[in-house]
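Here is a quick walk through some helix packing and aromatic contacts. Have the viewer open while you read.

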Amino acid sequence: MTGSSRDQSSPQGSLQGSPQWPLLQEAWAKQDVLLRSQPESWWGTQARELGARCLAHGLPTMKNEAWKYTSLVPLHEKGRTVGLGPVDVSAPQGVLVFRLSELGERIQAGAVPEEARARIESLLRPGDVDAVSFERTYFEKLSMSLVVDPFVVWIPEGLVSETPVEISWKSLPAQQWALGAAAIVVGANANVAVLERYGNGVDAQSIATFIDVAPKASVSHLRVSGADGGDGGQVVLASTRAKVAAQARYETAQVSYGSVLSREDLTVELVEADASTVTDGVFIGRGRDVLDHHTNLVHRVGNTQSAQIYKGVLSDESRGVFNGRIAIAKHASGSNSSQMNRNLLLSKKVEIDTKPQLEIDNDDVKAAHGAAIGRLEADHVFYLRSRGIRLGQAVEILSRGFALEAVARLSSRVLRDLGARAIEQGLRGLKWEAM
């Protein structure tokens with residue numbers, strides 16, 4: 001861990017005096033009344049239980065281990081009305097998009113097989129969540145407690161498409177906190193791409209995405225949290241949870257920039273033999289942005305593979321956090337995992353907190369992890385400037401060469417190109433301070 005110290009003696013997520021907390025309490029109270037007035041369902045019952053637990057726990061503070069580097073002060077600086085955020089979904093032919101409440105009708109009509117019911121319910125169940133996991137994924141549980149009817153993307157068995165499923169989580173007007181939840185269920189032997197966009201011009205936004213990858217399927221998933229040439233978000237709190245079955249592959253790349261506070265939680269569980277995952281990402285900070293990325297890769301069984309490269313590019317007085325956990329279970333013999341976090345610092349005032357973490361309960365595995373922190377070399381900048389390239393452009397060129405690795409391992413060419421454009425957008429106008 002390196003960088004300058006920072007005064008964080010402010011309330012740091014304390015509920016006392018927060019204008020946001022009573023609005024959350026009001027949202028849970030309204031949700032409880034609504035759910036009690038409707039026919040009982042497993043999702044409604046679960047939402048009420050999660051809401052009660054979130055309410056009893058209170059919002060995380062820096063006293064919680066999973067949040068000790070990240071203050072939620074930007075969330076508490078003003079009150080925001082809590083509500084469902086709009087979302088646009090487009091999908092290639094053969095993919096079905098519907099609300100969870102419509103699942104029975106889809107099964108009855110023969111559009112979705114009966115097995116979908118159990119898979120979707122299993123995917124959206126939080127399971128036995130201990131206190132530590134609950135704190136880390138608090139905002140995922142918050143979204144699950146307040147989204148009345150999440151939508152489902154059903155990708156049938158054997159579907160192969162180069163056209164991505166596109167999910168665009170939209171902003172609400174100022175003074176509002178937009179919530180959303182989605183389940184993406186991928187059939188066996190399918191090969192698809194998924195693009196998610198969010199965090200563009202939002203005041204506050206919380207989204208939760210759940211993915212189930214069936215045997216021998218392949219999913220390429222790009223998540224872009226940032227502004228498309230407009231204002232960035234104030235507070236963005238997002239999570240992704242994926243389960244990967246036998247001989248299936250789930251690859252994801254995350255590009256984050258432009259938010260005052262951004263928190264990303266990623267959990268990937270390899271639940272059957274020969275499942276594999278690649279989980280790469282890059283966060284780009286400027287001003288006093290805080291970009292916090294927590295990843296949790298779990299090898300439940302043996303002969304599973306995971307690989308991860310996360311990059312950070314930080315300028316001005318921004319702060320980056322990377323906490324990457326790899327857990328290999330006791331009976332997961334033959335698992336293979338690698339993890340690396342590399343960070344490029346463009347200013348003396350930036351701060352990076354990095355914690356690659358291995359938890360291994362089996363000796364018959366291969367696992368490696370590491371972290372590196374470096375600065376932009378003045379000689380490299382001078383070389384480009386001596387050839388007539390402006391300073392800002394030189395900084396962007398060098399930073400882009402560093403950051404593009406974060407999207408290079410996506411199998412989808414379309415997503416690689418979109419990821420590269422998002423990185424270029426995030427790097428535009430970055431400042432460099434010679435050391």
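In this predicted model, helix α2 (residues 42–57) packs with helix α5 (residues 115–124) at an angle of about 5 degrees, and their axes are 12 Å apart. An angle under 35 degrees counts as roughly parallel, so that's what to call α2 and α5. On the α2 side you'll find Trp42, Trp43 and Gln46, which meet Ile120, Glu121 and Leu124 of α5. Sorted by class, this contact has 4 nonpolar, 1 polar and 1 charged residues.

Now for the rings. The structure holds 8 aromatic pairs, and here are two of them:

| Pair | Centre to centre | Angle between planes | Type |
|---|---|---|---|
| Trp42 and Trp43 | 5.8 Å | 90 degrees | edge-to-face |
| Phe139 and Trp177 | 6.3 Å | 45 degrees | tilted |

Phe139 sits in helix α7 and Trp177 in strand β7 (residues 176–186), so this pair links distant parts of the chain, 38 residues apart. Both Phe139 and Trp177 are buried. As for the other pair, Trp42 is partly exposed at 24% relative accessibility, while Trp43 is buried at 4%.

Ring pairs also join Phe139 and Trp177 with Trp67, Phe134 and Tyr138 in a cluster.

Finally, have a look at Val148, in the loop between α7 (138–146) and β5 (151–155). Val148 is partly exposed, with a relative accessible area of 26%. Among the residues Val148 touches are Trp43, Gln31 and Leu84.

Definitions and conventions
Residues are numbered from 1 along each chain as its sequence is written. This is a predicted model: local features need pLDDT of at least 70, side-chain atom pairs count only at pLDDT 80 or more; totals for chains, interfaces and linings use all residues. Side-chain values use heavy atoms; hydrogens and water are left out. Axes are lines fitted to C-alpha atoms, for helices over the stretch in contact, and angles run from 0 to 180 degrees between N-to-C directions. Helices (H or I, at least four residues) and strands (E, at least two) are DSSP runs, numbered from the N terminus. Angles under 35 degrees count as roughly parallel, over 145 as roughly antiparallel, 65 to 115 as roughly perpendicular and the rest as oblique. Contact means heavy atoms within 4.5 Å. Ala, Val, Leu, Ile, Met, Phe, Trp, Tyr, Cys and Pro count as nonpolar, Asp, Glu, Lys and Arg as charged, and the others, Gly among them, as polar. Buried means under 20% relative accessible area, exposed over 50%, partly exposed in between (1.4 Å probe, protein chains only). Rings of Phe, Tyr and Trp (its six-membered ring) pair if their centres lie within 6.5 Å; planes under 30 degrees apart count as stacked, over 60 as edge-to-face and the rest as tilted. Lists of a residue's contacts leave out its neighbours within four places in sequence.
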